[in-house]
Amino acid sequence: MNASTHLNDLSLRLLGRAFDELDVEESRVVESIAQRAPSSRDAADIEDAQASTGDRLADKVAAVGGSWGFIIVFALILFGWMLLNSEVLQRFGLAFDPYPFIFLNLMLSTLAAVQAPIIMMSQNRQAAKDRLTASVDYEINLRAELEIMRLHEKLDQMRIHELAEKVDTLCERMDGASKA
């Protein structure tokens, strides 16, 4: 029996559909069962291996920009900027961004305009990781369910064989008792 016939028979027996009718996850599970190979994979490793430099950079920017440390440091910088330009430098006539801090507002708007899409890229990447994790979880759950079904089938076959032997033994006893 060639490999494709074996996969098709296994698919029909386990899932009730031909191998070429299965979706990607199901066909991967049937192939791993046929090869007696593990089907578990780490979704994070798969996604990280496929990540570009820009993806990894977006993740790092989102991790830093979405932390309390960033918020506290950023608030201190803003407070220092405003204090420096309103009190300290204004006494000497050197304030480069006096109240209403137009240059500061421009820099904040620019930062927000750049940071928001980067964070959205990271969120999209995280959503893709979540979809991959769900797919891998489905494969593992399907594999476990199919293996349990196969074990039940084997146990049922063993039980039928055991019962057939007992019936044969009883028939032999009854034949022996009726002859005596």
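A residue counts as buried when its relative accessible area is under 20%, as exposed when over 50%, and as partly exposed in between.

**Entry 1: the model and the search.** I worked with a predicted model. I searched the whole structure for aromatic pairs, and four were found.

**Entry 2: Phe70 and Phe74.** I looked up this pair next and found that Phe70 and Phe74 are stacked, with 5.3 Å from centre to centre and 15 degrees between the planes. Both residues belong to helix α5, which covers residues 68–91. They are four residues apart there, about one turn of the helix. I then checked their accessibility. Phe70 has 23% relative accessibility and therefore counts as partly exposed. Phe74, at 24%, is also classed as partly exposed.

**Entry 3: Trp81 and Phe96.** How are the planes of Trp81 and Phe96 set, and how far apart are the ring centres? I recorded 5.2 Å between the centres and 85 degrees between the planes, so this pair is edge-to-face. Trp81 lies in helix α5, whereas Phe96 lies in the loop between α5 and α6 (102–179), so the pair ties together parts that are 15 residues apart in sequence.

Technical notes: Residues are numbered from 1 along each chain as its sequence is written. This is a predicted model: local features need pLDDT of at least 70, side-chain atom pairs count only at pLDDT 80 or more; totals for chains, interfaces and linings use all residues. Side-chain values use heavy atoms; hydrogens and water are left out. Rings of Phe, Tyr and Trp (its six-membered ring) pair if their centres lie within 6.5 Å; planes under 30 degrees apart count as stacked, over 60 as edge-to-face and the rest as tilted. Helices (H or I, at least four residues) and strands (E, at least two) are DSSP runs, numbered from the N terminus. Buried means under 20% relative accessible area, exposed over 50%, partly exposed in between (1.4 Å probe, protein chains only).
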